[in-house]
Each structure stands twice: as structure tokens, then as C-alpha cells.
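Subject: Structure handover

Hi,

My notes on it follow below.

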Amino acid sequence: MASKKSESKKSESKKSEKQTDKSEKALAAEKEQFVKLQLQCISKSITTAEAPIKEKYGRQIILGTHKEGGAVTFWSHAISLPLSSNGILSWKFCHMVHKLLRDGHPNTLRDSRGQTTSIRQMGILWGNLHDRYGHIVALYAKLLCIKIDFHLKHLEIPPNLEAPEEVLDKAIAIDINTVFDTTGEVLDYMEAGLQLQETVFRQMESNSTSSTTAVGQCRLAPLVPVIQDCGPLYHFLVKLLFKLHSRIPVDALLGHRERFRDQFNSLTQFFERARGMEFFKSIIQIPDLPSEPPNFLRAAAYSDHVRPVVVQNQRTTYDDDTEIHLDFNVGPSYQMQYGYNQYEPTSDIPELRETEADTLRKELEVVKPELELMKVEAQRAVVHLKTQVNKLEAELEDQRTHKQMALVENERLRMEMDALRTQTAVAASIQATVDDAGSRAQTAQMNFTRLKEKHAELVSRHADLMRKNAETVKQLSTTQKTQEELMTARQQMAAEIEQLKQESGTKSQLEAQKAEIERLKLQLQTERAEMSQVHNALQSKEKAGDQLSSVLVGLQAEKEALMRKIKEQEAEIANLRQAIQLLQTSMEQEREKHQREITALQNQLQEKVCRDQEQQMEMEKLRRELEETRVEMLRAQSKGIVSISVSPHNSSHILQTGDQLSSVLVGLQAEKDVLLRSVKEQEAEITTLRQAAQLHQATLLHERDRSQREMATLHSQMQAKLSQDSGVLQQRLQDEQFSMLQCAVVEAEGIVLDAVAKVDDPLHVRCISTPDYLINRAELTLASIDKMQRSHAGYLRNMDDASGMLRSVTQFSHLIADTIVNGAGAAHSAPTDQADRLTDNCRDCATHCLQFLKELKLKATLPRADPTAVRHVVQRILNQGQDLRPRGADVRKEELADMVDKEMAATSSAIEEAVLRMDEILSQARKDSSGIKLEVNQSILGSCSDLMKAIHMLVTAATDLQKDIVESGRGAGSDKDFYAKNSRWTEGLISASKAVGWGATQMLDSADKVVTAGGKYEELIVCSHEIAASTAQLVAASKVKADRGNKKLNTLQQASRHVNDMAAVVVTSTKAGQMQIEEKDSMDFSGISLIKLKTEEMESQVKVLQLENELANERIRLGELRKKHYEIEGIPMDSGNAVNDFDSSLPTVFPDPPTMELPSLEAFGPEPTNSDALRLNPSRLEPARLDPEGPEPLKNPGSKRTFFHKSGNILKNAFR
């Protein structure tokens, strides 16, 4: 039994294992089928056909992401697509990615994280290519990268942007700095989408593409998800900006508001344009935007904002392709997890799953329209409720404004009452202030009087000291002269002593001479003691003068302080006058107001009196009528007439009327009494107010008259004192100002004399200045001369203030001296004639300047001092400096940056045109030539085309390196600032770029001429050398500013080496082609006699000498041409070089022409030579350097050397 049980268990386990294996195999097969179907959908949706993506394939891919739980399968197949080869394929790929991000599984965003780099690189690639779809593909790739990065950073906002209001409110209810950053990101997000749609529409308009064609729909289809993104982005951006305006000052958000306004206008135009196209009408319903953007400065404007909702139309699609059957299982316990390679076994039948999927699809299609209708109705209800809320808020706001206006009116009335009460207090305070100001003015006047006395005393003492100082200086000068005379006498005595020693050696004479020498020494010592005493006295007097000067400066400062106080008091008095005037005007206004009120009350009273009189007249009339009625009734009763005219009803009516009139009369009488009492009270109040106003007005008039009298008295006293002392003080002030001007002019003369001395100083010969700096100094000097003229005219108008003149003289002297010194320095490096003229002008400038300063020193000549002569000389120096500037340096610094970009772009375009033209020449050569000529032309043109392509790569690398240099070196400045700062480097870069473009053009022309048999092969060789030199110049100009470790510099150097190699190939192929095409004449000298051979040899030698002379002359001409070229380009040349020294500017190695060893005499023997031995095989030539030494000569079969070898060597040396 146990064995049977164990066998049954084993059989059951085997069955379960088999079932598990079957389920795993089924899952593996199903996965394989899923991957195959996804690949088929991807290949059919993303194609090179210029038509929109078919909706059924796109929907199958989106459903596949939901079934898979991500986009791993899509990206695994999408990365293998040839996106860089076709723009339409890249455009559809971006559209499919956008649809997956919006409608695919939520994990699609996570799976797309690692693909942003490849998408960005694809966009950069297509942005640099000139393709129909290149630009829009680059913009679409940028939009996708921004979208992926934004939603990865803000995971709470889904990629389809359909987030509820609670989520958006939670997203912005954070730190205000984060909200600010998020606002900038959303603006970038919106701007990327708007740039894409603008570019698409602009291309369609330029190509006249219709939206009804497949080509137009291919471009317009991706704009559907863009519209679906722009609606929620606009709503989210409005919420963010209102949040920022509630927390941040308005001025700080000006840029955000302007940027939002631009995007709002662009979005409005986008929606209007899309709304008018049938293509979009059949797919989506585009909402309407308001006519004006929201007013973020008013917080209540947010309630007027309505969220735009983009509704997608329900479209019935019919899939006629039956090859794709995607199994979409919606079972509750089943989900394929391809990302993790985990599969759960299932026992569902495939047919059952298909039927369930079909039923669920049908139910989903039925429910979708209802859901959309419910969403639209809910949106309409929300809009209606919001409008009602806005109306209620507007009414509430109106009520609040009315209430506020009432409160403001009440407050205004209360303030007017307070102002009336405080006017009397203000008048009293004004009077006290006037009294205080008068006392302070008197004190200031007394201080000013004492200060003037001290100032006059110090001025007199200073004048005495100045006189004493002048006398001491004179004494010192005489003492110095005496000392010099003593020194000369001593020297003479020493000379006489020497003579006496030589003439006579007697002892007595020597002793007498020694005594005389001792006497002279004592006398010299006494003179020196006197000199030291005088020097000490002079120093003590100078110290006393300095002390007096400091005291004078202090008194001057105290004087200025007092003057400021007086001015402040005058300003205070003026303010008091203004206050009094304001008070008077306010009193007049109050009086007029009271008069108007009294007039109004009187009018009301008269109206009431008139009404009372009318009422009294009416009452009197009623009384008379009543009396008449009563009299008639009494008459009727007295006569006893039965048939009275008044019936009982009429009599009762008359009685009632009489009672009513009596009651009305009583009421009117009471009202009259009340009105009379109110009129009496108002008259009494008016009378009281009139008395108070008259009393207040009388008080103010009295105070004003008293203050005016006091102010007039103070003003008259101040005017009298100022008029007494103003004349003396003004004269002293003018003298002091002129003395200061004289001191400044003397100092300026010393500066100019020092500059003139430097011009003739031999030590200054080695100092060199540039023409640019000389021009800068001369321009500043001309400006200082203009300033000097203005200051001189101002000083002549007002000689009390010489401060402007002092500043102008100081600046003028320094600048004119600087111009003279730099002019001499520039003359040291200039040619001889220009240097002499510039030096003479500098001396003339100094002479005229000293004459002008001399006229400024004297009062008699001060008015007619004129610096016009100095201006003319400085202008000549400026013109000469401009003549000394190198050619091309007159380009403005602002134009350098534009010139660099233009020259680099022109060079690139010229090379591109040359490449295309080279291809045309090659195709034309294939048509027009054949055989060896065709082979040679193909070889030459192919090498030239390769050289052009290499040059194009070099120019591209140089452009990238130049941009990198500018970005790394400009710092916080702009590109123009960097180019202006490095103008020499910029000019070299421009020159190199021009040379490269010119060389490419010349090579194109030379190749064209060579192919058409109208040119020379040597022209191609020379053009190759020129291009190599120009590229070397371009590399050197770019290498100067680049870092050593820069990768772009390495790329440029590699491109330069490639250009050199290609240039060498051009030279080699040109030489080989020339040797193949040129026919060599056979030299048969067998029948020539010895005398004839000697004659031919002499003629050949003569021709060789002629060629050598022509070569030497041509080299001299080439040297002169290059020197002139360097002069035009602004490269300084040494003028002392001889003409024969031009080899220093030429290359050290010249390329050899295609030479060949001349045959020996045996080659012309009776036996014919092998012609192949005389021909150079091109296939044996290896690519040489740019300056090859020439191909190796062919080995001659003969071993004897004749005189032909000597002639051949001479010819070769001549070519070298």
C-alpha cells in the first residue's frame, strides 16, 4: 500500500510539473508574441513616409505600455532606429514619445529618464543640419527633454498635466523660493511648446503646405499633444504668478509678467490659428482664452480666471489591418511584468480572455462619451458658479467702497474741525519762532563781525610774513652768490698757489700763501655760519607762515560755517514767511467758507420766511372763505327760507371742511412757531461765529503786521552791515583767488618745462610710445583745452571763485606735458621725416603753452589769454599720431566682434562653395576628357576636393575653439568687450580667416584653369603652399588664447595636420600629373659635330644664366611684395634692411619642381633607350611633406658622367 501511495504522489507531482512547464512555455510564447507585435507597431508607426502616425498603431503601442507596466520594450526597439539619417523618422519618433508620456503607463516617465541624453543629442544633430525637418526636430527634442526633467522633478504632477486643483494648491503651498524656481521652469516649458508651434506654422506658410494634405498633417499632428499641454500649463502658470505676487514685491516680478504677457499673446494666436483649421476641429475642442491677460497686481482678479479645458473629440476608428491582434488582458490577478522577468502562471483560456477584452473595450468606448459629457457639464456648472460668486463679490466690494467713502467723509469733517482749533496754536508757535530767529540772527551777526576783524588781522600778518619771506629769499640768494664767488676765488687761489709752487720754492712765500689760505678758510667758515643762520631763520619763518596758513584755513572754515548758518537762518525765515502766507490763505479760505455758509443759511432763512408768508396768505384766504360761508349760513337761517340752496349734505360737508381747515391752521401756526425759534437760534449762532471769526482774523492780522515789521527791521540791519563790508571782503577774496591761480600757473610752467627737457634728454631716447596712446593723450588734451576755455570765461565773469580755473590749469598742464613726452616717445620709433615733424610740433606746443600760461599769470594779460594756438599744435600732433597708426587699426572696437563672426562665416561659406564647385568641375572634366588626361584631372581634383574638406573641418574646429576662448575669457563682460580688450589677437584672427578663404578661392580658380588646359600646374602648388601657410596662421592665432589642455585645441591641431597632409598630396599629385601629361622631347645629338655641340652648350649656358638672373630678380620682387604686404597688414618692418636681405621673410625651404636626371651621352647612342626608364611612375610616389625636397631622380643606366650632368645640376640648383 505504501508503494502504491508513493507512486501516486510521484505521478501527481509529475503532472503538476508538466502543467507548470506548459504554463511557463505559454507565457514565454505570449511574451515573444507581444514583443513581436510591439516591434511591428513601432516599425509601422515610425516610418520615413511624410504622413501622420496611424492612430491604430499608436494606440496599440500605448496599450502595450499599460499591459507591460512601462516602456522598456518600446525603448529597447526605439534606440535601434536610424534617427540620424532621416528627419521625418526623427519627427515621428518625437511625436510617439510625446504620446507615450501623456497617455502611456505612469512608469513610462521613469523608463524615459535614461533616454534624455540621446534625445538631446539627436536634437543638437538635427539643429546643425539644414534639413526640412531639422529645425523642428531640434525644438521638439528640446521640448521633450524639458518635459521629462520637469515631471521627474515634480512627481506630483503627472505627464498629462491633468492634476486636480488640490494637487496644484499643495504644490504651490511651499517655500516661496521653490515657487519662484518652479515658475521659471513652467515658463521654459511653455516657451518650448510655443516655439515649436510657431516654427511649424512658419514652415508651412513658407512652403505653402495645406493642412488637408498628408504632408501638412504630418507636421500638424504633433501639435495636438502640444495644445493639450499648453492648456493646463497656462492654468498652473496663472496660479503660480498670483501666488508670487502675494508674497514678493511687484517690481521684482516685472520680468515674469512681461514674459507671461508675450507667452499669452503667442498662445492666443496659436489657439486662434488652430481653431480655424479643419484638422484640429476633428480631433480636439480648443478652449477660448480671455482677451487680456490676468491682472496679477489685483488679487481679486484671480476669481475672474477660468481654467481652459481641452476636450478631445470621440472618433470612431476602423482598423482594416487584421495582422495585429494584441491580447489585452484586464483580469484582476494578471499583469505581465517584463521589466523584472517575472511571470505568474495562469489558467485562463485565450478565447475567454479575448471575448472579455472585446466586451471591456466596447463598454469603455460606450462610457467614454458619457464621461466626456459629464466633464463638460461639470465644467460649465463650475464656470456658472464662479460667475455668480464674482457678481456677489463685486456687489460686496461696492458696499465696502460706499462704507469706506462715508468713513472718509466723516474723518475729513473731523480733521477740518481739528485744523480750525489748532490754527491759533500754530500762530503762537510761529511768533515764538520768529522771535528766536531774530535773536539768533543778531548773535550770528556779532560773531561774523568778530570773525571779519580776526580775518583782516591775520591777512595783514600774512602779508608782512610774505614780504619778510621775500626779503629773506633775496638775502639767501645774495649769500649763495657770495659763496659761489668765494668758491671761485678759492679755486683761483689754489691755482695761483700751484703756479707759485712751480715758479718759486722759497719758504717765505709758502708761509705767506699758507697764511692767506688760512685767512680764506676762516672767512669761508664765517660765511657758512651766516648761511646756516639765514637758512634757519628762513625755516623758522616758513614754519610761522605755515602756522599762519593753517590758522587762516581754520578761520576760512569758520567763516564758511557762519555763512552757512546765515544762509540757514535766511532759509528758516523764508520758511516762516511761507508758513505765514499759508496761514493767511487758509484763514481767507475759512473766512470765505464761513461767508458761504452764512449766505446759505440766509438763503434758507429767506426761503422759510417766504414759505411762511405764502402759508399765512393761504390761511388768510381760507379764513375769508370760512367767514363768507358762515355769513351766508347765518343769513339763510335768519330769513327762514325752507328751500335753502344748501342741502344737508352740503352743510355737513362745509362744516367738516371748516374743521379741517381749523386743524390745518393750528398745525401751520405751530410749525411757524418752531421755524421762527430755529431761525432765531441759527441767527444767534451765526452772529457768534462771525464775532469769533472777526476776533481771530484781527488777532492774525495784528501778529502778521508785527512779524513783518520785525523782519523788515532785521533785513535792513543785515543789508546795511553786509553793504559796509562786502566791498573790502570781495577785493581781498579776489586777490587771494588770483594769488592761488598764480601759484597754480607757476607749477604748470614747471611741469611743461620738465616735459620739454625730457624731449632733448639723451636718456629719453630709449623710451618709446605707441601711436594709439599718443592719440588718446592728444584727445584728452583737446578736451582739457575746451574745459580751460570755459573755466577762463567763467572766471572772468566771476573772479570771486577760481576753483574751476585751478582744476582746469592743473589738468591741462599734466595732459599737455604727457602729450609732449609721448609725442617724443612716438617719434623715436617713427620714420625720420615724420619723427622730425612730430618733435618740432612737440616743441612748438610747449612754446605756445608757456606763452599762454604767462598771459594767465598777469592781471593785465589775463582777459586776452587764448589757448587757440595750443589747440592747433595739439591737433597737428593728433593727426600725425593717426598717420603713424598701422593700417587696419582704425576699425572701431565695437565692430571687431561682428567682423570676426562675418569673416569666419564668409570663410566657411566660401569653402563650402569651393567644395561644390570642385565637384562640378570634376563632373565636367569627366565629360570633356578621357584617358590619361581624365586620370590626371581626377587625381588632381580629388586631392583638391579632399583638401577643401580638410580646410572646412579646420575652419569649423577654429570656430568652436574661438567660441570656447571667448566664453572662458570674457568673464562677466560681453563678447564685444573681450574682442575690444584683445584687439590685436582679434585682428590676427580676422586676417588669418580672410587668408584661408582667399586661398580656397584661388585654388578653385587654378584647378578650373588646369582642367580646361588654360592654367599652370605651378599655380596649384603655390596655392597649396598659401593655404598651408594661412591655416598655420589661423592655428597660431587660435592657439595664443587657448589653454593647453583644451580638447578643442587638440582637435584644431589634428585638423591642421590633416590639412598639411592633404596639401602635400595636392602637390604630389600635381607634380605627377604634370610629368605624365607634359611630352618630353627626345634629345638626339648623334648627328651633330663637335663644333655644333660646343655652340649648343654655350647657348644652353647662356640660357641658364638668363634664367638664373630672372630667378634672382623675381625673388627680389617677391621680397618687396611681401614687405609691402606686411606694411599694409600693419606688421612693423625694419626700414634699415637691405633689399638683398629679403630671404629672412621667405620660407627656408622651397619645393623642387618636378625634375629628372638628364641622360648621359650613351643614351643617344645608336641603340634606342628604353622610354620607360625616362618616365617617372606616379604609383611609386609617396605622399610627401608640404615642402618636399623633390622626388628622387631616376637612376641612369650609364655610369659615365658628361657635361650634360653638370648643366642639369646647374638647372636644378637654379630651381632650388
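Of the 1216 residues in the protein, 34% are buried (under 20% relative accessible area; exposed is over 50%, partly exposed in between; 1.4 Å probe, protein chains only). Please note that this is a predicted model: local features need pLDDT of at least 70, side-chain atom pairs count only at pLDDT 80 or more, and totals for chains, interfaces and linings use all residues. Residues are numbered from 1 along each chain as its sequence is written, and side-chain values use heavy atoms, with hydrogens and water left out.

Overall picture

The secondary structure comes to 28 helices and 2 strands. Both kinds of element are DSSP runs, numbered from the N terminus: helices are H or I with at least four residues, strands are E with at least two. Among contacts (heavy atoms within 4.5 Å) with a separation of 6 or more, 82% join residues 24 or more positions apart. The protein exposes about 73800 Å², and carbon and sulfur atoms supply 54% of that area. Accessible areas come from the Shrake-Rupley method with a 1.4 Å probe; for residues, only the protein chains shown count as cover.

Nonpolar cores

A nonpolar core here is a set of buried Ala, Val, Leu, Ile, Met, Phe, Trp, Tyr and Cys residues joined through side-chain atoms within 4.5 Å. The largest has 90 residues, and Phe-74, Phe-93, Phe-270 and Phe-280 touch the most other members. Helix H11 (residues 223-245) gives the most to this core, with 14 residues. A second, separate core has 51 residues, including Cys-944, Val-1011, Leu-1020 and Met-1062. As background, nonpolar side chains tend to be buried together in soluble globular proteins.

What does Phe-74 contact, leaving aside its neighbours within four places in sequence? The partners are Ile-42, Ile-46, Ile-61, Phe-93, Met-96, Val-97 and Leu-100.

Helix H2

Ile-61 is also one of the buried residues of H2. H2 is mostly covered, with 10 of its 14 residues buried. Gly-69 follows H2, and its phi is positive, near 85°.

H12 has 22 residues. The helix reaches 31 Å from first C-alpha to last, close to the 32 Å expected. Its buried residues include Phe-260, Phe-264, Phe-270 and Phe-271. The cover over the buried residues of H12 includes helix H9 (176-207), H11 and helix H13 (278-281).

The whole structure has 15 aromatic pairs. Rings of Phe, Tyr and Trp (its six-membered ring) pair if their centres lie within 6.5 Å; planes under 30 degrees apart count as stacked, over 60 as edge-to-face and the rest as tilted. Phe-260 and Phe-296 form an edge-to-face pair, 5.2 Å centre to centre with 75° between the planes. This pair links distant parts of the chain, 36 residues apart. Phe-260 sits in H12 (residues 254-275), Phe-296 in the loop between strand E1 (284-285) and strand E2 (311-312). Both are buried. Both also belong to one aromatic cluster with Tyr-234, Phe-242, Phe-264 and Tyr-302.

Individual sites

- Val-383 lies in helix H14 (residues 350-503). Val-383 is partly exposed, because its relative accessible area is 28%. The C-alpha atoms of Val-383 and Asp-304 are separated by 9.8 Å, with the residues 79 apart along the chain.
- Gln-737 lies in helix H16 (residues 648-759). Gln-737 has 13% relative accessibility, so it counts as buried. Beyond its neighbours within four places in sequence, Gln-737 contacts residues including Tyr-795, Met-799 and Asp-800.
- Thr-861 is in the loop between helix H19 (832-857) and helix H20 (868-884). This residue is buried, at 11% relative accessible area. The Thr-861 side chain reaches the backbone oxygen of Glu-855 at 2.8 Å.
- Ile-877 is in helix H20. Its relative accessible area is 0%, so Ile-877 is buried. The C-alpha atoms of Ile-877 and Ile-775 are 8.2 Å apart, although 102 residues separate them along the chain.

Best wishes

Terms used
A polar contact is a pair of N or O atoms within 3.5 Å; within protein, one must be able to donate a hydrogen and the other to accept it, and residues adjacent in sequence count only if both atoms are side-chain atoms. The expected span of a helix is 1.5 Å times one less than its number of residues.
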